[in-house]
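Please open the structure in the viewer and keep the sequence at hand.

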Amino acid sequence: MGSNYSRYILKLLVILLTFFILWPLFSLVKEGFLGIQKGAIFLTINNINEIKGTLLLLILSLTLGGFLGVANGWILANCHFKGRKILRVCQLIPFATPAYLLAATFIDLGSINSIRITGMFWGVVIMSFTTYPYVFLLSLESFEKGGRKQIEACRTLGIGPWKSFFRISLPIAIPSITAGLALMAMEIINELGAVQLLNIPSISAGILESWVEEGEPSGAIALALFTLTLVFLLIAIERKSRERSKRWIDEIISGDSPKWKLKGINLFLAQFITFTPPMLTLGIPITWALINIDQMNQGFNTDLIGLTIRSFSLALIVSLITIFISLILSISKRWQNYPWLNILTFLSSIGYAIPGSVLALSLLSFKGSVWQINILSLLIWGYSIRFLAVSKGGLDAGFERISPNIDNAAINLGKNWSDVLFKIHLPLLKGPIFVGALLVFVDTIKELPLTFILRPFDFDTLSVRIFQYAGDERVAESILPSLIIISLGLIACMALIPSLNNRKN
């Protein structure tokens, strides 16, 4: 589409953007392999304990979170009871509360009631309840598209809902569930604040302690290389699972699945399972804020205003950058169907899977290099790499809903590529652009590991300040920043409601 010159420029832009996105990771891997050859990069006993802690947290959290996601997905897709529609939307609420914020509120409420909140048990509970919506969203789609005929056939043969679930729906949903578990695992590996507040040895905390606090790069780089290997394994599992899930759905979709009407103990259990996670992830912080409402005035000062403006400004800049880059990548993918171009656009989106601490470590090497990149620019660079997939995913889906025939018709009428972009594509993509920018905005404000490690001196954000206040047990100062982040998270969840109610999109 358009002139050969325009196509050439687009190809060049995609190559350059992908290079800048992958450059820090390649530099980290290169430095790691050179260090291994020289014997300077190795895992210490503490590093091994941190890996064990992360793997244990992963296994237990994925077990509990997977159960919550599958159970809620099945109940809300195939059962009919009072309050079902509201509870369905409420499953997005856990996205509004970061794990470190929930851990801080648990710890403070526990201290008020003389309960010590620390250790692996609480880490599993918090990480499961804040990340299970990944499994819920993907399994819900599979359960809803499981088809009417298959389950109706089970009913005709006298097979009840439980056997229908295990014999029909669960096998079909396994690829979607696996993809959701892989996304959960990426979030758990990325977590820094919650595991530190709960004193759980983890990879993210180990990287921070080895590099930033102890000034020992060998252990940090070794942990980062292990994490990258684990993350790329999870990416491969997630991609393969999505491909299998698509084939399953293409084969069996045949309409809406029938709904079982619940009564008695089954109704109580369904409402309890679907209500508990949203209630805990939002209700606990709100309860904590109400208990300490008399101290709220102490936290309102000029410092909070400066923190909010700084956080909002940073998030706005990153949102604009990621939307601009996403437009270039999505347009290139639509206008030029080359395998190598599709590979590059995919690689440009893997930053969301990379833990913030690993990404920060890879960018820190540029601070003292010949490039002498400003630390604030490194922070924005890191945000853009990490959250590009958030905005790009929505734009890709938006472009898929625009028929290529519209482009061809415009070209036949004498319009060039810029006319098609500005007069057709952008007006039709207002929704995905707005939602993508909003999600990047909120994710940037909530992000902790990347911000905590890369931020310039005396440049705190709302997320960093909440983490610091929680560690210092300064309840009064942390209430308002926490409420700001929760409110923004709820706004982002509201933006996701239309896509939840319209699964075709």
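Select Ser326 and Ser391 and display their side chains: a polar contact of 2.6 Å joins the two. The model is a predicted one, and the values given on this tour are computed from it.

Remain at Ser326 and show the helix around this residue. Ser326 belongs to helix 14, which covers residues 302-335. Is Ser326 buried or exposed? Its relative accessible area is 0%, so Ser326 is buried. Next, display the residues that touch Ser326, leaving aside its neighbours within four places in sequence: these are Leu388, Ser391, Lys392 and Leu395. Ser326 and Val390 are separated by 64 residues in sequence, while their C-alpha atoms are 9.3 Å apart.

Thr18 has a relative accessibility of 3%; because buried means under 20%, Thr18 counts as buried. Which residues does Thr18 contact, apart from its neighbours within four places in sequence? They are Leu344, Leu347 and Ser348.

The next stop concerns aromatic rings. The protein has 13 aromatic pairs in the count made here. For one of them, select Phe19 and Trp23. Their ring centres are 5.3 Å apart and their planes meet at 20°, so the pair is stacked. Both residues lie in helix 1, four residues apart, which is about one turn of the helix. The accessibility of each partner may be checked in turn. Phe19, with a relative accessible area of 43%, is partly exposed, whereas Trp23, at 19%, is buried.

For another aromatic pair, select Trp74 and Phe143. These two rings are edge-to-face, with 5.7 Å from centre to centre and 85° between the planes. The pair links distant parts of the chain, since Trp74 is in helix 2 and Phe143 in helix 6, 69 residues apart. Trp74 and Phe143 are both buried.

Two packed helices are described by the angle between their axes and the distance between the axes. The crossing in which helix 2 passes helix 6 is right-handed. To view the contact itself, select residues from each side. Helix 2 contributes Gly66, Gly69, Val70, Asn72, Gly73, Trp74, Leu76, Ala77 and Asn78, and these meet Val135, Phe136, Ser139, Leu140, Phe143 and Glu144 of helix 6. Sorted by class, the contact of helix 2 with helix 6 has eight nonpolar, six polar and one charged residues.

Which residues do ring pairs link into a cluster here? The cluster consists of Phe19, Phe20, Trp23 and Trp381.

Finally, clear the selections and display the whole protein. How many helices and strands does the protein have? There are 23 helices and two strands. The protein has 505 residues, of which 55% count as buried. Among contacts with a separation of 6 or more, 86% are between residues 24 or more positions apart.

Methods: Residues are numbered from 1 along each chain as its sequence is written. This is a predicted model: local features need pLDDT of at least 70, side-chain atom pairs count only at pLDDT 80 or more; totals for chains, interfaces and linings use all residues. Side-chain values use heavy atoms; hydrogens and water are left out. A crossing is left-handed if the near helix is turned anticlockwise from the far one by less than a right angle, and right-handed if clockwise. Contact means heavy atoms within 4.5 Å. Ala, Val, Leu, Ile, Met, Phe, Trp, Tyr, Cys and Pro count as nonpolar, Asp, Glu, Lys and Arg as charged, and the others, Gly among them, as polar. Buried means under 20% relative accessible area, exposed over 50%, partly exposed in between (1.4 Å probe, protein chains only). A polar contact is a pair of N or O atoms within 3.5 Å; within protein, one must be able to donate a hydrogen and the other to accept it, and residues adjacent in sequence count only if both atoms are side-chain atoms. Rings of Phe, Tyr and Trp (its six-membered ring) pair if their centres lie within 6.5 Å; planes under 30 degrees apart count as stacked, over 60 as edge-to-face and the rest as tilted.
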